[in-house]
Amino acid sequence: MNIDNSQTFNDRLSQWIASQGFWFQLRYSMSSGSGWSVAVFHLVKLGARVLVLLLVVAVIFAFYLSKRIDSEGFKEKLSERFITEMSASDAEIVGFERVQGRAKIRRIGAEGTPSSFFQTLEAGNLSFKMGYLDGFSGDWDAGIIEGNWIDVQVKAGANSGEEASAAAESLFKRRRQFEVMGLDFSTARVTWGYDKRVGEIEGSKLTANRVSEGWRFNFKGGRFTQNWIHDFQIEEIAMLCTPTELIIEKGILLADDGRVELKDVKIEGGELPQVSGRLVLTSVPIEKLVPENVLERVSGKISGELELSGSTNTTEGLSLQGPITLGERDSIQIRDEFPILEALDLVDNFNSYKRVVFEQGSFNLKTGGGEMVIAGMNLEARDFMSIEGRLEARYPTDEEIAKSIGENAASMLEQMDGEEKEAQRKKDITLKRAGDAAKDDKSKENLGENTQFFAGLASKRDEETIRRAAARRARTILNFEGGIRLTIPGDAFDRSRILRDRYPVDPATGRIGIDVRLSGSMPELTLPLAEEIVEDGRSNE
């Protein structure tokens, strides 16, 4: 056999051996005396082929994983999981993507059910951990969810114990398929309550961490409102939320140089959450505690300690009760916007009643069920004036409003209510749009198109805003009842014999006492008596 034929034979033999498979090649190599070197060569060659195959499969699988995030099916599956885990009736996710190992969502929203802890929830510009296999199989450790803003309307309670338990589970249940260990939002708005008994945290920095007992929430900055207490600046509110109760571990609210400290405040969970604790007031401006229309007549600062009680899910709402005192930095100032003071200023040529400052004294304050009661009032304005007595303020009933309007009251009320709501709606929507536009201009962040779902959420928020605006307006429409006794200087009526005879000087104190009945709305308070004093004072001139 010549060299060419031998070479041809060897090539054909090699091709035949190669076609017989790996194990035949390995046995042939060993039996032919080629040794381990040839066997290793075949192993390496086969390994290289397998490696190339694995790399091709890996590239194809990685391409699939990267593309599945952009698919509508993945987004729908993510929304469905969100609806299920949050016990929501509907939800929508806009602008989902994965960038450098983190998931990003431009906008997310959900509507609650009887089994959820919220009524509406919306958040924007979210970011959290996401590996290639997260959302595909196995556990997903999302870590801390970071976001630009969140707006959530929390339920004030439930209709039954079963609903309360289900709502608690939706908040506290740990989900291995999507494990969240914390929250970090630059701006948070949280609302709760109904009608006039509403509460709100707005514009606050929110952080939250999952702990063994449940969740620990922390708010810094922003504003706090609850019933009569409104528009306080939040220094810090730290709370521990467990399946059975919410404990405020630290709560400090500020107003000018005054402050409110929440002590031992606890809310026991259930269908009718019960609230307990204390509020310590230190030189708090009266404007933060009274209806807006009172401010043109009364101002100042007060201190005291109030007991907190009641429920967030009843018509009576929360109640505050306790003594109020005037400390070294405190005072209560009343102005002659009250008719009785204006009348005294007209008939008394020796003293001025345009502004009376009370620097000593105390009274007992109680609020709840849309009422405010000031009892045991005992205030002193040096040697000039004193006030003793009791005052009650409450929201008027529809019947009282109708009576004050007269005939055709129902239709007039309906028309007024409709016009007011429409005006408020336009105002609120305009302000909201302006705020949103300013926010967009500042942040340059696109939250995605306003879909039908988010338009529906916005409509619900507008309705809630209108209800809260109505609650604020209701605080300006109050009926008052009660009676006080004023004492004024003994020479106040020296130029009017009729007034001197009607209101004689008390020999024991050298002062004049006047009993004043309080009844009606704020503009009407003391008006009948004031008219009598002015008429009697002029008739003797």
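Tutor: Two strands pair if DSSP finds at least two bridges between them; strands (E, at least two residues) and helices (H or I, at least four) are DSSP runs numbered from the N terminus. The model is predicted, so local features need pLDDT of at least 70 and side-chain atom pairs count only at pLDDT 80 or more, while totals for chains, interfaces and linings use all residues. Residues are numbered from 1 along each chain as its sequence is written, and side-chain values use heavy atoms, with hydrogens and water left out.

Let us begin with the strands. Strand 1 (residues 88–99) runs antiparallel to strand 2 (residues 102–112), with ten bridges between them. Ala-91 faces Ala-110 of strand 2. The two strands make a hairpin with two residues between them, and Gln-100 in the turn has a positive phi of about 50°. Strand 2 is in turn joined to strand 3 (residues 118–129) by nine antiparallel bridges. Here Arg-107 has Gly-124 in strand 3 as its bridge partner, and the hairpin from strand 2 to strand 3 passes through five residues.

We turn next to the core. A nonpolar core is a set of buried Ala, Val, Leu, Ile, Met, Phe, Trp, Tyr and Cys residues joined through side-chain atoms within 4.5 Å; buried means under 20% relative accessible area, exposed over 50% and partly exposed in between, with a 1.4 Å probe and protein chains only. The largest core has 112 residues, of which Met-385, Phe-493 and Ile-514 touch the most other members. Strand 9 (residues 229–241) contributes the most to this core, with six residues.

Beyond its neighbours within four places in sequence, Met-385 has contacts (heavy atoms within 4.5 Å) that include Leu-341, Tyr-353, Glu-380 and Arg-511. Of these, Glu-380 lies in strand 18 and counts as partly exposed because its relative accessibility is 30%. The C-alpha atoms of Glu-380 and Gln-360 are 5.2 Å apart, although 20 residues separate them along the chain.

Rings of Phe, Tyr and Trp (its six-membered ring) pair if their centres lie within 6.5 Å; planes under 30 degrees apart are stacked, over 60 edge-to-face and the rest tilted. Five such pairs are found in the whole structure. Trp-215 and Phe-217 are stacked, because their ring centres are 6.1 Å apart and their planes at 25°. Tyr-353 and Phe-384 have centres 5.1 Å apart and planes at 40°, so this pair is tilted. Both Tyr-353 and Phe-384 are buried.
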